Amino acid sequence: MKKYQLKLRTPFAVMGLCCDEGGILSLHYLPLKTAELPPQNMLAQEVAKQIKFYLNKPKHLFDLFLYPADTPHRRKVREAVSAVKSGGTATYLDIARKVGSSPRAVGGACRENNVPLFVPCHRIVAVGGLGGFMGGNGKHRLDIKRWLLKHESV
């Protein structure tokens with residue numbers, strides 16, 4: 001069971017944050033029926049403030065310390081995905097070309113992204129459409145992706 005330091009309600013999910021005083025470990029999109037939890041430390045308080053700011057101004061650039069991804073490939077993908085600005089998208093193929101990989105491997109790295117929103121994998125789409133999100137094509141997951149993209153005026 002994960003120990004959350006924040007559960008913040010947003011229009012698309014309750015954001016569950018796992019962090020320590022040094023940085024962000026993970027962020028999860030929890031069901032909307034999940035009970036909220038106020039910030040449990042100073043970093044969680046800052047994250048809540050920045051998420052609320054993003055919800056009002058989708059061009060907001062998050063300024064938070066994220067612990068590095070666990071493999072060199074995931075670090076490269078994270079960097080390339082983070083370069084896609086709010087209001088824009090890139091394809092899995094675009095990212096693959098930037099990091100010298102394959103679209104499938106980029107999709108795998110996005111699926112393993114433990115800090116969505118901060119590393120905005122929702123901005124990565126398939127060549128022929130929306131693509132998946134958070135490792136699947138389920139309605140709930142794709143509804144979150146659609147909401148985020150619409151919020152960012154994509």
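**View A. An open sheet of three strands, in the order 1-2-3, is formed by antiparallel pairing.** The model shown here and in the other views is predicted. Strand 1 (6-9) and strand 3 are the edge strands, each of them pairing on one side only. From one strand to the next, the twist averages 20 degrees.

**View B. Strand 2 (residues 14-19) and strand 3 run antiparallel and are joined by six bridges.** Within this pairing, Cys-18 is found opposite Ser-26, a residue of strand 3.

**View C. Helix 1 lies across strand 1, strand 2 and strand 3.** Relative to strand 1, helix 1 runs at about 15 degrees. Helix 1 comprises residues 42-56, and strand 3 comprises residues 24-30.

**View D. Helix 5 spans residues 139-151, a run of 13 residues.** The distance from the first C-alpha of helix 5 to its last is 18 Å, close to the 18 Å expected at 1.5 Å a residue. Helix 5 is followed by Ser-153, which has a positive phi, near 65 degrees.

**View E. The buried residues of helix 5 are Leu-142, Ile-144, Lys-145, Leu-148, Leu-149 and His-151.** An α-helix has 3.6 residues a turn, so residues three or four places apart point the same way.

Note on methods. Residues numbered from 1 in each chain as written. Predicted model: local features only at pLDDT ≥ 70, side-chain atom pairs only at ≥ 80, totals over all residues. Heavy atoms only, no water. Helix = DSSP H or I, 4+ residues; strand = E, 2+ residues; numbered from the N terminus. Expected span 1.5 Å × (residues − 1). Buried < 20%, exposed > 50% of the residue type's maximum accessible area, 1.4 Å probe, protein only. Contact = heavy atoms within 4.5 Å. Pairing = 2+ DSSP bridges. Axes fitted to C-alpha atoms, helices over the stretch in contact; angles between N-to-C directions.
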